[in-house]
Amino acid sequence: QKGNSVAAFVASLNSSYTKWYSKAVIQGKREEIVNGLCSSFTAAVTRFHRENGRFPDSIIIYRDGVGDGQLSLCSGHEIPQLEAACKRAFTDFAVKITFIIVQKRINTRYFAMNRSSIDNPPPGTIVDDCITRSKMYDFYLVSQTVHQGTVTPSHYIVLRDDAKYSPDIIQRLTYKLCFMYYNWPGTIRIPACCQYAHKMAYLIGQSIRRATSEELSDRLFYL
């Protein structure tokens, strides 16, 4: 839309990850994307409090669309802005943020030795040691089965973990969220919340080109 971009934010509202809150913000040409994310973030926390009668114990954010060159911008600018926005909006809520970068466009490939043949690794394969980055808390996850060609893993970088989750919890949650996309009976390559945000951003940016009604925020209308 002539230089304007769309920031889409999708948040789960219940413990089974079946109810979602969606919000999209159309950014101006010189407006920082973090501004739209902060307003969406506080709106999602408000909706969670309205639905459940309490604030969430901790918040896990999967942030897509960030390359290696923008990691320092995320950790030094975006995460503190989200935290500050939450403190301004809610005086009695001490937010715990776990911030995870999702990277799909990678060249890394893994193979599994099956006796004398080499196959794709099975879904649920995690690589988090030896051949990952030495100075980062990261892991690779193969969440799909492909019947043609080589499967591409997704790369996850944990930039911040206030709740001090063990790697096993974050890896299991990430894999299980790949099952929660309504439009596909199996697993998808990234967590469902990221795919929902992709779908919403594409619909708003290509077709609707304006902010949607708040009444649609708890419906997956973009599927």
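**Rings, a helix and a strand, by definition**

User: What joins strand β7 (residues 125-127) to β8, and in which sense do they run?

Analyst: Three bridges join β7 to β8, and the strands run antiparallel. Two strands pair if DSSP finds at least two bridges between them, so three bridges qualify β7 and β8. In β8, Tyr140 is the bridge partner of Val127. Strands here are DSSP runs of E, at least two residues; helices are runs of H or I, at least four residues; both are numbered from the N terminus.

A note on the source: this is a predicted model, where local features need pLDDT of at least 70, side-chain atom pairs count only at pLDDT 80 or more, and totals for chains, interfaces and linings use all residues. Residues are numbered from 1 along each chain as its sequence is written, and side-chain values use heavy atoms, with hydrogens and water left out.

User: What makes β8 and strand β9 (residues 154-161) a pair?

Analyst: Four bridges, in the antiparallel sense. Phe139 has Tyr156 in β9 as its bridge partner.

User: Why is β8 (residues 138-142) called largely enclosed?

Analyst: Five of its five residues are buried, so the rest of the structure largely encloses β8. Buried means under 20% relative accessible area (exposed is over 50%, partly exposed in between; 1.4 Å probe, protein chains only). Both faces are covered. Asp138, Tyr140 and Val142 are on one side, Phe139 and Leu141 on the other. In a regular strand the side chains alternate between the two faces of the sheet.

User: How many aromatic pairs does the structure hold?

Analyst: It holds 12. Rings of Phe, Tyr and Trp (its six-membered ring) pair if their centres lie within 6.5 Å; planes under 30 degrees apart count as stacked, over 60 as edge-to-face and the rest as tilted.

User: Why is the pair of Phe9 and Phe41 called edge-to-face?

Analyst: The centres are 6.4 Å apart and the planes 80° apart. The distance is within 6.5 Å and the angle is over 60, so the pair is edge-to-face. Phe9 lies in strand β1 and Phe41 in helix α1, so the pair ties together parts 32 residues apart in sequence.

User: How do you know whether Phe9 is buried or exposed?

Analyst: Phe9 has 14% relative accessibility, so it counts as buried. Phe41, at 1%, is buried too.

User: Why is the pair of Tyr181 and Tyr196 called tilted?

Analyst: The planes are 40° apart and the centres 5.2 Å apart.
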